[in-house]
Amino acid sequence: MSLVSEEFPDEVPLRAEEITIPADVTPERVPTHIVDYSGTDTCPSLYDETHMANVICIVYSVNNKKSIEKVSLVSLYAKHRNAPACIPLILVGNKSDLVEHSSMETILPIMNQFSEIETCVECSAKNLKNISELFYYAQKAVLHPTGPLYSPEEKEMKPPCIRALTRIFKLSDLDNDGILNDYELNFFQRTCFNIPLAPQALEDVKNVVRKNMSDGVKDNGLTLKGFLFLHTLFIQRGRHETTWTVLRRFGHDDDLELTQDYLFPLLKIPPDCTTELNHNAYLFLQSVFDKHDKDRDCALSPDELKDLFKVFPYMPWGPDVNNTVCTNEQGWITYQGYLSQWTLTTYLDVQRCLEYLGYLGYSIIQEQESQAAAITITRNKRIDLQKKQTQRSVFRCNVLGARGSGKSGFLQAFLGRNLAKRIREDHKSYYAISTTYVYGQEKYLLLHEVLPDFEFLSEADLACDVVCLVYDISNPRSFEYCAKVYKKHFLDSKTPCVIIAAKSDLHEARQYYSLSPLDFCRKHKLHPPQMFTCNTDEAPSKDIYTKLTTMAMYPHMTQADLKNSTFWLRASVGATVFAVLGFAMYKALLKQR
């Protein structure tokens with residue numbers, strides 16, 4: 001009542017009316033609903049009241065010994081019988097105007113007994129001493145609770161808080177040298193509090209850490225230990241809001257988990273549209289690669305990859321990824337392979353891509369509203385067909401064929417591998433993705449090996465930009481599967497189809513189907529079967545993949561256009577030149593960095 005009227009009431013009822021303090025008059029800008037309780041009237045039970053509360057203020061009289069002794073009983077009741085787990089408690093010593101001494105000495109053992117007690121405030125409703133402060137602390141206990149951050153018994157931060165702050169440190173360590181230099185500290189300060197630190201303030205922060213620990217500052221930068229020490233100090237000094245501001249800015253909720261809103265921002269994708277990473281997203285991912293490629297070999301070793309994913313709660317890439325994208329001779333994912341895997345994830349499962357970018361702090365580091373800013377939603381494919389041009393950069397090719405026809409070899413050949421590379425069954429991937437160049441334009445071709453269950457092909461299995469029907473020329477029964485699939489699913493489709501005559505290094509057997517593969521192609525106005533083998537000493541030829549990408553880009557082109565040798569020559573020469581230039585440019589940029 002003193003809070004609302006700003007004066008002491010002459011007559012005090014057993015129970016005050018419920019009060020709502022509007023957000024615009026509170027420091028934290030949060031509306032506060034205050035409910036009084038009295039055990040001497042017929043108001044609702046304490047059980048009901050505490051279960052609806054976010055914070056409980058336990059009031060005692062500082063001049064009444066029995067009232068002080070009763071505090072521990074009420075605290076115990078609130079903790080074990082009625083209140084939800086971890087609800088913060090505030091001890092309020094009222095009538096401080098009636099005594100000369102403080103009750104804190106008596107209250108401290110009770111505070112040590114109950115970790116739920118956030119703080120104790122002595123006040124006077126009569127002279128209004130600490131009345132506003134009391135309700136500020138009550139708000140603060142809800143918005144910036146100590147419980148999830150710190151263990152008073154152990155006098156140290158709790159493991160979930162350390163994990164969350166370690167992630168934040170790693171994201172803020174832009175060059176990944178294990179130290180936050182002045183630029184990175186200022187970036188962190190601006191990100192969380194919207195103001196940079198003055199040079200002297202930076203030095204003061206580092207001096208505080210130097211005085212308290214030997215390994216908190218290194219090379220004039222803040223180490224992880226120093227960073228964690230600072231936050232421990234903030235909490236111990238009652239400045240929980242500083243640590244909570246940092247945690248929430250980096251997407252953490254009250255349980256120190258990343259919020260669903262942060263990880264999965266709203267992204268509406270219309271039908272027949274695909275999802276791709278935009279230019280800024282690729283630049284961000286390139287910077288993430290660069291900061292973890294310690295030896296500058298344009299590939300991520302297992303240790304470097306593990307270090308990159310330390311900010312994730314789990315390892316997102318399994319061993320199958322190494323058989324999905326390009327790797328070096330040691331089997332490590334290359335720069336190109338790394339970007340390809342991100343492109344694949346964005347295309348197949350954009351929600352997972354958003355989640356992964358959230359773990360990497362994309363929206364924070366790039367100063368975007370959310371990870372959704374990294375995604376380009378392509379226009380409807382039907383519009384591409386009407387306009388006879390596309391703005392897309394990723395094209396999907398479904399690879400179908402009977403068992404043993406050479407589909408897996410065809411996928412691996414796209415990644416530059418011949419039959420010498422053997423893959424464990426549990427490491428197998430049904431996808432392969434890499435870049436091709438058509439007329440000098442870099443495009444991603446995504447190959448998907450579709451399981452050969454003819455009767456169970458779903459719409460998802462069939463939805464693509466170009467189809468590859470693979471048969472084994474040495475197996476007389478292999479082509480029949482391709483012919484049946486084509487006639488059932490693609491005969492009247494506008495999706496371009498190519499028939500691949502795989503294992504062309506083997507003796508060609510006469511197919512048992514009624515038409516030969518060449519006659520079948522002629523009848524259905526398809527390009528002649530493309531001879532292909534991955535049983536080579538060198539990396540298999542990539543010409544066929546350029547053709548597939550071109551057909552995916554220009555599905556409106558007639559078979560006569562596609563048969564034109566000049567057309568393919570222009571496309572493939574462009575591919576060779578730009579592939580060499582692309583790698584050379586990356587190496588040059590790397591040298592500069």
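Is Asp-465 buried or exposed? In this predicted model, Asp-465 counts as buried because its relative accessibility is 3%, under the 20% cut-off. Its salt-bridge partner is Lys-381, with the closest N and O atoms 3.3 Å apart; Lys-381 lies in helix H17 (residues 381–387) and Asp-465 in the loop between helix H19 (459–462) and strand E18 (466–472), so the pair ties together parts that are 84 residues apart in sequence. Lys-381, at 26% relative accessibility, counts as partly exposed.

## Other salt bridges

Across the whole structure, 18 salt bridges are found. One of them joins the side chains of Glu-449 and Lys-428 at 3.8 Å, N to O, and this pair links distant parts of the chain, with Glu-449 in strand E17 (residues 441–449) and Lys-428 in the loop between helix H18 (407–414) and strand E16 (431–438), 21 residues apart.

Another, between Asp-519 and Arg-522, has an N to O distance of 3.6 Å; because these two residues are 3 residues apart in helix H21 (residues 517–523), about one helical turn separates them. Asp-519 is partly exposed at 35% relative accessibility, whereas Arg-522 is exposed at 58%. Salt bridges that share partners also join Arg-379, Lys-381, Asp-384, Arg-392 and Asp-465 into one network.

## Surface patches

Glu-6, Glu-7, Asp-10 and Glu-11 gather in a surface patch of negative charge, while Met-1, Phe-8 and Val-12 form a nonpolar surface patch with about 290 Å² of accessible area together. Asp-10 is found in the loop between helix H1 (2–5) and strand E1 (19–21), and Val-12 is found in the loop between H1 and E1; Asp-10 is exposed at 81% relative accessibility and Val-12 is exposed at 55%.

How values were computed
Residues numbered from 1 in each chain as written. Predicted model: local features only at pLDDT ≥ 70, side-chain atom pairs only at ≥ 80, totals over all residues. Heavy atoms only, no water. Patch = residues over 30% accessible without salt bridge, like charges linked within 9 Å, V, L, I, M, F, W, Y side chains within 5 Å. Areas by Shrake-Rupley, 256 points an atom, 1.4 Å probe, with all protein chains shown as cover. Salt bridge = Lys/Arg side-chain N within 4 Å of Asp/Glu carboxyl O. Lys, Arg positive; Asp, Glu negative; His and termini not counted. Charge placed at Lys NZ, Arg CZ, Asp CG, Glu CD. Helix = DSSP H or I, 4+ residues; strand = E, 2+ residues; numbered from the N terminus. Buried < 20%, exposed > 50% of the residue type's maximum accessible area, 1.4 Å probe, protein only.
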